[in-house]
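Hello,

Here is the structure we spoke about, with the sequence alongside. My notes follow below it.

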Amino acid sequence: MHRYFSLNAHLRRLFGKRVQKIPMDAGFSCPNRDGSISAQGCAFCNPSGSGSGLADSMDLATQWDHWRERLGRKYKADLFLAYLQSYTNTYGPPERIAEVLDALRNLPALGGVCVGTRPDCLDERKIELLASLKRRPEVRTVMVELGLQSSCDATLSHINRGHTAADFVSATRLASEHGLDVVGHVVAGLPTPNGRESADDLVDTMRFLASQPVSGIKFHNLYVCRDTLVGQWWKEGRFAPMPLDEYLDGVARSLEILPPEMVIHRLHGDPAGDELLAPDWAGDRNRLLNAVRTHLEQTDTWQGKRNGAEAGPPSFWDPNSKENRNAG
């Protein structure tokens, strides 16, 4: 039984086939790194900002061809989403953002665009530029992947995030009004002035998100990276990551209160290379994903159990169902 509405099921429902995301690096920076807000960055963020660094050697069209050939062969996909992932992809003048979006418009086999950014780096002009992508009939979705991390302003201040929960609300509502799909990013177990956020805090953040016009969620478990402020706190004994059993409990209880139609884009974070310092359980993505799924089965719970899907998971959650295969 499928116990949450996965991105795979959503994309099959939208396109009627497998669709694969391609990570893109457009060479943007971040106001929390270049000195506009701070030069230190968020306390948990690695120096690369989840980037590939390919912007230094490849333009966007070359990156697209590079990944499309490899990922298409690996996943037997012929339709793709362009994911502007590295750093903050609406940070800068509108002319720069328009230039990047223009480079995406004519990419072959493009089905949609995903843009990773911060809530304080969106305004009406930038959102209008993003919404203009939907005027092309082949672009079926434009997702704004918006980092909230926590609904608690004290936590956001402690991790040097540089924005508030209210900023997230304003950006989300403006994006939704323009027909964009907002995907909220949340991190479980963030450091706080008195320790770290708990599973209860994660559930509170999910309640906050469920009250907003958000179409999707990305869960991330806080893991300690090299060359980060959190890494320094961990080495000094000032911070301890959330245990696995607490993370599983927090994710399960969070899923229960989310609407059944909200897309779950991911259930965990993925450390890159050798950056992981702690906890050990965060280093095996397959084992962690299986642990979440097993926990949902053992506790007999599912997404929306306390919010519209009390009778059980909807049939459209199954990515291989006839309903999804015939969608599009």
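**What was found**

Pro 319 counts as buried, at 7% relative accessibility (buried means under 20% relative accessible area, exposed over 50%, partly exposed in between, with a 1.4 Å probe and protein chains only). Pro 319 sits in the loop between α10 (285-298) and α11 (322-325). Helices (H or I, at least four residues) and strands (E, at least two) are DSSP runs, numbered from the N terminus.

This is a predicted model, where local features need pLDDT of at least 70 and side-chain atom pairs count only at pLDDT 80 or more, while totals for chains, interfaces and linings use all residues. Residues are numbered from 1 along each chain as its sequence is written, and side-chain values use heavy atoms, with hydrogens and water left out.

Glu 128 is partly exposed, with a relative accessible area of 33%, and belongs to helix α4 (residues 124-131). Between Glu 128 and Pro 319 there are 191 residues in sequence and 32 Å in space, C-alpha to C-alpha.

As for the whole protein chain, it has 11 helices and 11 strands. Its radius of gyration (taken over C-alpha atoms) is 19 Å, close to the 20 Å that the globule rule (2.2 Å times the number of residues to the power 0.38) gives for 328 residues, so the chain is as compact as a globular protein of that length. The C-alpha trace spans about 50 × 50 × 35 Å along its principal axes. Of the 328 residues, 52% are buried.

Regards
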